[in-house]
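Subject: Structure handover and findings

Hello,

Here is the structure we talked about handing over. My notes on sheets, cores and aromatic contacts follow below it.

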Amino acid sequence: MSHRLARTAAALGAIFALGSASAAEVQVAVAANFAAPIRAIAKDFEKDTGHKLIAAYGATGQFYTQIKNGAPFEVFLSADDTTPAKLEKEGDAAPGSRFTYAIGTLVLWSAQDGYVDAQGDVLKNGQYKHLSIANPNAAPYGLAATQVLDKLGLTATVKPKLVEGQNITQALQFVSSGNAELGFVALSQVYKDGKITSGSAWIVPADMHEPIRQDALILKKGESNPAAKALVDYLKGPKAAEVIKSYGYRL
């Protein structure tokens, strides 16, 4: 009996050891606009795969610099498609791992109810003192905002009113805190399940700026990490797609 118990204990020990060996952590650099969706996705990902996702949030341009300087990221979820393509070309990515995980939507938003009209005409009336955008040199949503202002012929008019956030999170904070009456932010930051969660907004038509194609890839540091591959596969699956679309992204 004792031998049988010993064999059972050994077998169980082997199973637990196998389970712990197969579970891994993945370090992910996440564009700030995708913070809310990835937090929601992470819960299901960890539950369904056993792997743990450890995320850092920031501006795409800043992440590029950090990756080039040896940051320990294994997967990169960018806010554009050009930065991942550049990393791929420069040999910093696992070959063939790049794909578009979401197409972003730009929105003009105010924390005040009724402040922004459905056509965005508030931009032209000039009654506001501050307009918040993300740094267009580091954040693709900031670049898209400048393209919209160009298209509307408002670049010179609003220049004295612009306040720039380092990334899209800071651009949102300027508006939500009242330091700017309105600002261009990512729809995902103020939208959930088919509606704006607070304040007032103009969802910018997609043809007013270049498409915000958001690409992901496995970086060289994550090439041999099973959790990195599992995350990329998970982002392509139906559960993640539901979450991504619920935050106003297109696929």
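Two strands are taken to pair if DSSP finds at least two bridges between them. Helices (H or I, at least four residues) and strands (E, at least two) are DSSP runs, numbered from the N terminus. This is a predicted model, in which local features need pLDDT of at least 70 and side-chain atom pairs count only at pLDDT 80 or more, while totals for chains, interfaces and linings use all residues. Residues are numbered from 1 along each chain as its sequence is written, and side-chain values use heavy atoms, with hydrogens and water left out.

Strand β1 (residues 25–31) pairs with β2 in the parallel sense over seven bridges, and Ala31 stands opposite Gly58 in β2.

Contact means heavy atoms within 4.5 Å.

Strands β5 (residues 106–110) and β8 (residues 182–186) are antiparallel, with four bridges, and Trp109 stands opposite Gly183 in β8.

Cores

A nonpolar core is a set of buried Ala, Val, Leu, Ile, Met, Phe, Trp, Tyr and Cys residues joined through side-chain atoms within 4.5 Å. Buried means under 20% relative accessible area, exposed over 50%, and partly exposed in between (1.4 Å probe, protein chains only). The largest nonpolar core has 69 residues, of which Phe34, Leu77, Leu123 and Phe184 touch the most other members. Helix α9 (residues 226–235) gives the largest share of this core, seven residues. Apart from it lies another core, of eleven residues, including Tyr64, Ile67, Ala71 and Leu219.

Leaving aside neighbours within four places in sequence, the contacts of Leu123 include Leu108, Leu149, Phe184 and Trp202.

Aromatic contacts

There are five aromatic pairs in the structure. Rings of Phe, Tyr and Trp (its six-membered ring) pair if their centres lie within 6.5 Å; planes under 30 degrees apart count as stacked, over 60 as edge-to-face and the rest as tilted. The ring centres of Phe63 and Phe73 are 5.4 Å apart and the planes are at 85 degrees, so this pair is edge-to-face. Phe63 sits in helix α3 (residues 60–68), and Phe73 in the loop between α3 and β3, ten residues apart. Both Phe63 and Phe73 are buried. For Phe63 and Phe76 the centres are 6.0 Å apart and the planes at 70 degrees, so that pair is edge-to-face too. Elsewhere, ring pairs link Phe34, Tyr101 and Tyr249 into a cluster.

Regards
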